[in-house]
Amino acid sequence: MSVINPLQARTSARALAVVVPTISFDQSNAQVLELFSRNRELVSLPVLENERPIGLISRNIFMSQMSKPYYRELYEKKNCIAFMDKNPLIVQANTQIETLAALAVESGDKTLADGFLIVEDERFIGLGSGLDLMRMMVDLQTEKNLQVMQSIDYASTIQRAMMSTSRKAMSATLKDACLIWEPRDVVGGDFYHFERFKDGWFAAVADCTGHGVPGAFLTLIASSLLSQGLGKLGPKDPALLMSEVNRGMKQALGQYAEQNRLSESDDGMDAAFFWFNDATCELTCANAKAPLFILMPDQSEVQTIEGKRVGIGYVDTPDDMQWDNKTFALMDGAILLSATDGIIDQIGGMKNIAFGKQRLRDYIQRHRDTPMPELGQLLMLEQKAYQGLHRRRDDLTVFGFRLNASKQQQTAM
């Protein structure tokens, strides 16, 4: 005797098998009528030949026929196969629920209404109902969704832990800074990196393709490649680091625009990399489709540093792509802010248009005297108010700081 796996039994047709009265193929319609009369909850009556099901009699069809004038007199003593469905759905007890559901849909409405026959080694063991099948499908889907959400919640813990070191390093290095990371879903495709070095610090804000689980998976690849690049090249040449990460992503994902070679994906990221020199108070940045906003204390207008409009790692991005470094001497009180397009591209407002760079520049200018942590919080409130009833379009990350050289911590790693 074969041993039945409890999990398979719970998710197979066996779990739906209900023991019901049966009738032999050589019995009469009068006996069918008697069985239906004695078992008013019986929807269908299985017809067996030597314990093997050969058909199914529907209560509704049978009673409808027998109620017609003279039908009872004509058919009562005749063989029960007269009103039998000779082609009911018959499934093995070990048939998985998903397969059974597909078979039930394929066989038509009669199976969902009248049920199906469940056998083991061709021997009838029970009748399954379409309603019970649908209930089990809902229960299994609910259970699967719960398992998926538990996995995603744990993935969120991993993703946050991956970036916690950067957040701690930023808090220990910058006295007046903000760092906001809000994935659209539980996990997201944005990530940030902050690392303290002996003579300065490096930061990165990146927006990988997509959001949710696919985006989060890509952040693991990109973040790992960035860490490897920093270990290999150091932090002082952001543009060179971008080229290194670009080659690594293209290689990891097999994304090359070569003839006779098709890539299965076209993923990458937009990013801004920064190096700040403590001694000179100079900021060197490289931008790949990710803007940087700078407000000097002696200026009224916010500068926007765009960089090259070429993303990192994509199929069409050349393997030897080179980005440019731009260096700025920052004065005490200078404000720097970098944000992913989750805030810039968010639709909202009276005209249902994107938040936009100009609105972000105006916001920075209005709040130039606000401490950076508060500036970040107020920015999120303004963004949410602007978004209104519109759905969040993308993940959102904001990194900003105000330079105060006299209070800037110079703690080495």
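## Charges over rings

In this predicted model, the charged end of K68 sits over the ring of Y71, 5.4 Å from its centre, where a charge sits over a ring if NZ of Lys or CZ of Arg is within 6 Å of the ring centre and within 35 degrees of the ring normal. A further case involves R359, whose charged end sits over the ring of F355 at 5.7 Å from its centre.

The model is a predicted one, in which local features need pLDDT of at least 70 and side-chain atom pairs count only at pLDDT 80 or more, while totals for chains, interfaces and linings use all residues. Residues are numbered from 1 along each chain as its sequence is written, and side-chain values use heavy atoms, with hydrogens and water left out.

## Aromatic pairs

The structure holds 15 aromatic pairs, a pair being two rings of Phe, Tyr or Trp (its six-membered ring) with centres within 6.5 Å, counted as stacked when the planes are under 30 degrees apart, as edge-to-face when over 60 and as tilted for the rest. One of them is formed by F202 and F273, which lie 5.8 Å apart centre to centre in an edge-to-face arrangement with 70 degrees between the planes. This pair links distant parts of the chain, since F202 belongs to strand β9 (residues 200–208) and F273 to strand β10 (residues 269–277), 71 residues apart; strands (E, at least two residues) and helices (H or I, at least four) are DSSP runs numbered from the N terminus.

F202 counts as buried because its relative accessibility is 0%, and F273 is likewise buried, with a relative accessible area of 0%; buried means under 20% relative accessible area, exposed over 50% and partly exposed in between, for a 1.4 Å probe and protein chains only. Elsewhere, F194, W201, F274, F276, F399 and F401 form one aromatic cluster.

## Helix packing

Helix α8 (residues 212–233) and helix α9 (residues 238–253) pack with their axes 9 Å apart and at an angle of about 135 degrees, the axes being lines fitted to C-alpha atoms over the stretch in contact and the angles running from 0 to 180 degrees between N-to-C directions. The two helices α8 and α9 are therefore oblique to each other, given that angles under 35 degrees count as roughly parallel, over 145 as roughly antiparallel, 65 to 115 as roughly perpendicular and the rest as oblique.

The axes of helix α5 (residues 97–107) and helix α7 (residues 130–173) come within 10 Å and cross at roughly 135 degrees, which makes α5 oblique to α7. In α5, the residues I97, E98, L100, A101 and A104 meet L133, M136, M137, L140 and K144 of α7, where contact means heavy atoms within 4.5 Å.
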